[in-house]
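Hi everyone, thanks for coming. Let me put the sequence and the model up on the screen, and then we'll walk through a few spots together.

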Amino acid sequence: VQTCALPILGRGSRIGSGVVLEEETVLGTYVEVKDNTEIGSQAMVGIASIIGENTKIAPVVSIGRGARIGDRVVVADLASIAEGVEIGNDGMIHSDVSLGGGVIIGPGAEIGESSTLDALVIVGEGTKVGEKSRVGDSARIGGFVEVGAQAVIEMRAEIGNDAVIGNNARVGYDAVVGDSANIGPGIRVADDAIIGDGKKVS
């Protein structure tokens, strides 16, 4: 293990080979950091969290209790990851992202800079959420979805696989957007609306 000045390791922490902990990193009790992972200065990792292999956690990142972060994940600076969040292998979390409690991010998914995902959101494999977007509590986004910049997906909305949500679009509360549907830039999908599979709204 390579350590720089003054990292703090909680009781029962397990650190793999080739791990780099930069200055003022704080690991809570029973944290596990797997091989060849780097954790930046002033990052904080909560109790009983697990960080996978070959993962990079940037400076000033906050990771809550019981989080599970996979292999080859990149978490950029100033990201905030709440309790119980799961991030699949090969995920990318950009700068200043906020992930609420219990959020699940599928393998290979990417969350854009300054985006906010509220509690219990599920994001599928390979999905990309654009910068400054917001996703409300308990919303579900399928796999390989493209969500544009500054889009809003409200609470409990469901987005099917391979859908496209344009820049500045809004999907309302409890709305359903089907597989391979395309919601154009700036479009407002009403609360409780259902957009069928393959439909295009522009």
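Which residues does Pro107 touch, not counting residues up to four places away in sequence? They are Gly88, Asn89, Glu125 and Gly126, where contact means heavy atoms within 4.5 Å.

Quick note before going on: this is a predicted model, so local features need pLDDT of at least 70, side-chain atom pairs count only at pLDDT 80 or more, and totals for chains, interfaces and linings use all residues. Residues are numbered from 1 along each chain as its sequence is written, and side-chain values use heavy atoms, with hydrogens and water left out.

Back to Pro107, which sits in the loop between strand S18 (104–105) and strand S19 (110–111). Strands here are DSSP runs of E, at least two residues, numbered from the N terminus. Pro107 is partly exposed at 40% relative accessibility; that class lies between buried, under 20% relative accessible area, and exposed, over 50%, with a 1.4 Å probe and protein chains only.

Now Ser41, in the loop between strand S7 (38–39) and S8. Ser41 is buried, at 14% relative accessible area, and its contacts beyond four places in sequence include Glu22, Thr25 and Pro59.

And the sheet? It's an open one of 11 strands, running from S2 to S32, with parallel pairing. S2 (8–9) and S32 (188–189) are at the edges with a single partner strand each, so one side of each has no neighbour in the sheet. Pairing takes at least two DSSP bridges, and S5 (26–27) and S8 (44–45) are joined by two. There, Leu27 stands opposite Val45.

Notes: Helices (H or I, at least four residues) and strands (E, at least two) are DSSP runs, numbered from the N terminus.
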